[in-house]
Each structure stands twice: as C-alpha cells, then as structure tokens.
Amino acid sequence: MKIISVVGARPNFMKIAPLVAAIQQHNKANPKRHIEHILVHTGQHYDIPLSESFFKELNIPDPDFNLEVGSGTHAEQVGKTMMAFEKVLHYIKPDWVVVVGDVNATMACSVTAKKENVKCCHIEAGLRSGDMSMPEEINRLVTDRISDLLLTPDRISVENLRKEGVPDEKIRFVGNIMIDTLEANREKVAGFNLRDIVAGNCIIRNRASAVPDLLPDSYAVVTLHRHSNVDSKEVLEPLLNFLADEVAAVMPVLFPIHPRTVKQLKTFGLWARAENTASLWMLQPLGYLDMLRLNMDAKIMLTDSGGLQEECCILGTPCLTLRWNTERPVTLREHGGASVLVGNNVERIRTEFRNALAGGAAPKRPELWDGHTAERIVALFANEYYE
Ligand code: UD1
C-alpha cells in the first residue's frame with residue numbers, strides 16, 4: 001500500500017511526526033502489510049524556524065518531494081501547489097493521499113488528489129469555526145467535502161460532519177494526533193531552562209543578558225499572527241498597548257513573533273514601542289520543543305493559534321484565545337477545557353485576564369487525546385483499508 005502524506009506549514013509538522021513514526025513501527029511489526037510512505041512538503045513555510053527546525057526536533061525524515069511553492073497570495077500558493085503536486089501523483093501513483101489540518105497545502109493537495117481519482121484521508125476533519133472570512137475555514141470545508149475518510153479529533157467534529165450530510169462510514173473518531181507529539185516530548189523538555197530559551201531567542205540581541213530568571217507560573221506567553229489581529233493598526237495597537245501596559249507591568253511577557261506580525265508592527269510604526277517595553281521579550285518564532293517548555297510553566301497564554309489552545313487544554317495553562325470564534329470548542333471552559341474566547345476587545349481581554357489570574361478548575365483531558373491517535377490511524381489503514 002502506498003500513502004503520500006502532505007505537509008506545508010508550521011502547524012502541520014507536529015501532526016505528521018507521529019504518523020510517520022507509527023507507520024515505521026507498523027512496518028517493523030507487520031512486514032507482510034507494509035505501508036510505503038512518501039512525504040511531500042509543499043514548501044509554503046520554508047524558513048528554518050518555521051519549517052526545518054521542526055523536522056529536526058521531531059525526527060521527521062527529509063521530505064521525498066519539496067514543491068517549494070513559498071509565500072504568495074492564497075491563489076498563488078494553492079495554484080502552484082496543485083500544479084506541482086499533480087506531477088508527484090502521476091509519478092508515484094499512490095493508493096491514498098493523507099492531508100492534515102487546514103492550511104493551504106491541505107486543501108490544494110486534497111483537491112488535486114481527488115481530481116486524479118486518488119483516495120483522500122483528512123486528519124483533523126470536522127472542525128468548524130463558522131467564520132467564512134478565515135481562509136482555514138474554506139480549506140476545512142472543501143477538504144472535508146471531498147475526502148473519502150474523515151478522521152476527527154473529537155465528537156463535536158463528528159456531529160458537524162453528520163449535520164453536513166457526510167455518511168457515517170466515512171467518519172472515524174480517532175482523537176487528536178497533535179497530542180501524540182506533546183505526550184512524546186513533554187518529559188524530554190521538562191529539564192530545559194526557561195531563561196536560556198528566552199535569552200537564546202531574543203530578537204533584540206543586546207537585551208539577552210537582561211533576561212531575568214523565570215520561575216514557573218510567573219510569566220505570560222503571547223502569540224499573534226491572524227489577519228484579524230495583526231493586519232490593521234486599529235486592532236494591533238491597542239493589543240500591544242494592553243500587553244505592554246497591563247500584562248508586562250505585572251509579569252514578564254514572552255512573545256515569539258510570527259514574521260507577518262514583525263512586518264506589521266514595523267509598518268504601523270509600533271516596533272519601537274514593543275522594543276522599548278522592559279518586560280516584553282520579543283523572540284524569534286520558537287521550535288516545537290522550546291514552545292512546549294514555555295507553555296508547560298506559563299501562568300497564562302494569550303494567543304490566536306488553534307494548536308496552542310489545544311495544548312493549553314492538556315497542560316492546564318489558562319488560555320485567552322484572541323478570536324471571536326473557534327473551530328475547537330472542545331478546548332473551551334464550557335466544555336471542560338482551559339480556553340476562553342476574548343476576541344480583540346481590550347476590555348474583554350482585561351476582564352478575562354483578571355479572572356484567569358484568580359484561578360479556576362483544572363481542565364479535563366478530552367476523550368482520546370491520549371497520545372495514541374497515530375497508532376489508531378495506522379491500524380485503520382492496515383486492517384480496514386489495506387489493498
Ligand atoms: C499559515 C496558515 C495558518 C497557520 C499559520 C502558522 C494558511 C491559509 N494559513 O498562515 O493557518 O496558522 O501558517 O504559521 O495556510 N513567511 C516567512 N517565512 C516562511 C513562511 C512565511 O517569512 O517560511 C512570511 C511571508 O512574508 C508570508 C507570511 O509569512 O507572506 C505569511 O505566510 P503564509 O504561509 O502565507 O501564511 P501564515 O500566516 O503563516
């Protein structure tokens with residue numbers, strides 16, 4: 001059996017690492033049901049901190065193909081990916097294409113596979129934010145509509161698919177594959193020194209020596225990269241002011257910055273403000289392991305990332321999700337999780353920041369977020385879909 005799996009951008013890498021490892025294990029134990037695995041990187045993310053560092057840290061083998069599509073508009077990225085991926089399909093002739101998550105690579109490669117009559121499996125199917133202004137929502141809808149096998153991380157996603165008319169035989173609730181990566185690495189990173197991570201990644205190099213010792217539960221972690229938060233000065237400036245005046249005033253703020261956010265802070269003339277705030281530590285985008293380490297001991301997370309929302313739910317870090325909606329409701333407090341939606345309204349963020357610091361119940365681990373999702377997926381292919 002031949003399977004191509006696809007990665008394109010940062011949030012894909014921690015979802016593919018456990019799949020690769022589970023296929024390797026399966027092949028050792030079951031040589032008669034060998035799965036030939038071919039890894040394709042579309043090249044949407046190409047910088048070392050956004051791509052290569054994840055391959056190294058998570059022991060993902062070098063991709064068999066790199067389509068090198070790079071940055072561009074959505075149409076450019078999707079179009080270039082489809083043209084290049086079609087050639088790979090013609091050459092490899094796989095039985096299945098496996099796509100993960102909701103980035104442009106996910107949608108572009110699922111469409112290309114189906115147009116070539118190749119079966120497609122979507123890992124992380126059924127997530128819905130209901131927000132059609134998010135490119136990721138369009139990617140999710142298209143990918144799920146055409147995929148043959150939809151593997152969901154939670155039961156809410158199963159219901160979303162049923163409501164859209166997807167037949168039950170196409171849907172399997174397998175759990176959250178990203179939590180496999182978290183569980184495989186949390187012990188290893190526990191010994192990493194927090195101060196070394198921050199000092200080693202300071203964007204303003206001459207501030208590195210001033211990084212204080214960081215005790216558990218004494219600092220905030222912030223990430224921001226969504227269009228809705230960083231592409232207008234009217235939104236980004238008050239957010240930065242809140243972080244500088246109200247969060248950094250009470251605890252160190254560790255802020256690994258996405259390249260798009262760096263660009264926007266500079267464009268809007270806000271960079272100097274961020275640079276000159278004593279307790280605001282602007283960091284390069286961190287590798288998976290360093291980010292996990294920071295999250296493990298953070299007092300609070302403020303983020304617009306979906307993946308961090310999920311990780312907070314397992315690590316027990318209170319999470320203010322800087323969005324008005326989420327495709328991951330299972331991580332919200334009302335479903336037993338650690339996260340609360342605060343959008344980008346500073347008053348609301350302030351209120352929930354105070355509530356979060358006051359403490360609350362520890363989050364519950366969602367069903368099947370147990371570190372064994374990849375094994376379940378490979379067993380499915382080996383037992384039910386082997387050809
Ligand atoms: C993509 C995903 C998003 C995910 C995010 C995580 C889609 C639609 N979006 O958004 O879901 O949360 O990744 O990072 O696929 N850039 C670099 N180096 C790189 C790659 C990009 O500097 O290696 C810069 C470029 O200026 C680029 C910008 O970052 O224009 C945005 O990159 P892009 O891949 O278009 O989307 P993301 O915002 O990263």
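## Close-up views of a predicted model

View 1. Helix H1 provides the largest share of the lining of the second largest pocket, with seven residues. Please keep in mind for this view and those below that the model is predicted. The lining of this pocket is made up of 19 residues, and those nearest its centre are Ala-17, Pro-18, Ala-21, Asp-180 and Ala-184. Two or more lining residues come from each of H1, helix H7 (177-189) and helix H16 (373-384). The second largest pocket holds about 380 Å³ of space. Sorted by class, its lining has eight nonpolar, six polar and five charged residues.

**View 2. The largest cavity, with H7 again in the lining.** The whole structure has two cavities of 30 Å³ or more, and the volume of the largest cavity is about 40 Å³. Strand E6 (149-152) and H7 each contribute at least two residues to the lining of the largest cavity. Among the lining residues to look for are Leu-151, Thr-152, Ile-177, Met-178 and Thr-373. Six residues of this lining are nonpolar, four are polar and one is charged.

View 3. The lining consists of Val-222, Leu-224, Leu-239, Phe-242, Leu-243, Leu-302, Leu-322 and Ile-349. H10 gives the most to this lining, namely three residues. By class, the lining has eight nonpolar residues, with no polar and no charged ones.

View 4. Seven aromatic pairs are counted in the model. In one of them, Phe-13 and Phe-54 are tilted, with 5.9 Å from centre to centre and 40° between the planes. Phe-13 belongs to helix H1 (residues 10-29) and Phe-54 to helix H2 (residues 48-57), so this pair links distant parts of the chain, 41 residues apart. Both Phe-13 and Phe-54 are buried. The ring centres of Phe-242 and Phe-353 are 5.9 Å apart and the planes lie at 85°, so this pair is edge-to-face. Phe-242 is in helix H10 (residues 233-247) and Phe-353 in helix H15 (residues 346-358), so the pair ties together parts 111 residues apart in sequence. Phe-242 and Phe-353 are buried too. Back at Phe-13, look for the aromatic cluster formed by Phe-13, Phe-54 and Phe-55.

**View 5. Charged ends over tryptophan rings.** The charged end of Arg-207 sits over the ring of Trp-281, at 4.3 Å from the ring centre. Lys-266 has its charged end over the ring of Trp-271, at 4.7 Å from the centre.

**View 6. Helix H13, largely enclosed.** Of the 10 residues of helix H13 (residues 288-297), nine are buried, so the helix is largely enclosed by the rest of the structure. The buried residues of H13 include Tyr-288, Leu-289, Met-291, Leu-292 and Leu-294. Charged residues are on the buried list as well, among them Asp-290, Arg-293 and Asp-297.

**View 7. Thr-321 and its contacts.** Thr-321 has its place in strand E12 (residues 319-321). Its relative accessibility is 0%, so Thr-321 counts as buried. Which residues is Thr-321 in contact with, leaving aside its neighbours within four places in sequence? They are Thr-303, Gln-309, Ser-339, Val-340, Leu-341, Val-342 and Gly-343.

Terms used. Residues are numbered from 1 along each chain as its sequence is written. This is a predicted model: local features need pLDDT of at least 70, side-chain atom pairs count only at pLDDT 80 or more; totals for chains, interfaces and linings use all residues. Side-chain values use heavy atoms; hydrogens and water are left out. Rings of Phe, Tyr and Trp (its six-membered ring) pair if their centres lie within 6.5 Å; planes under 30 degrees apart count as stacked, over 60 as edge-to-face and the rest as tilted. Helices (H or I, at least four residues) and strands (E, at least two) are DSSP runs, numbered from the N terminus. Buried means under 20% relative accessible area, exposed over 50%, partly exposed in between (1.4 Å probe, protein chains only). A charge sits over a ring if NZ of Lys or CZ of Arg is within 6 Å of the ring centre and within 35 degrees of the ring normal. On a 1 Å grid over the protein atoms alone, a cavity is a set of points where a 1.4 Å probe fits but cannot get out, and a pocket is an open set with protein on both sides within 12 Å along at least five of seven lines; lining residues have an atom within 4 Å of a point. Grid points are joined across faces, edges and corners, and a volume is the space filled by probe spheres set on the points. Contact means heavy atoms within 4.5 Å.
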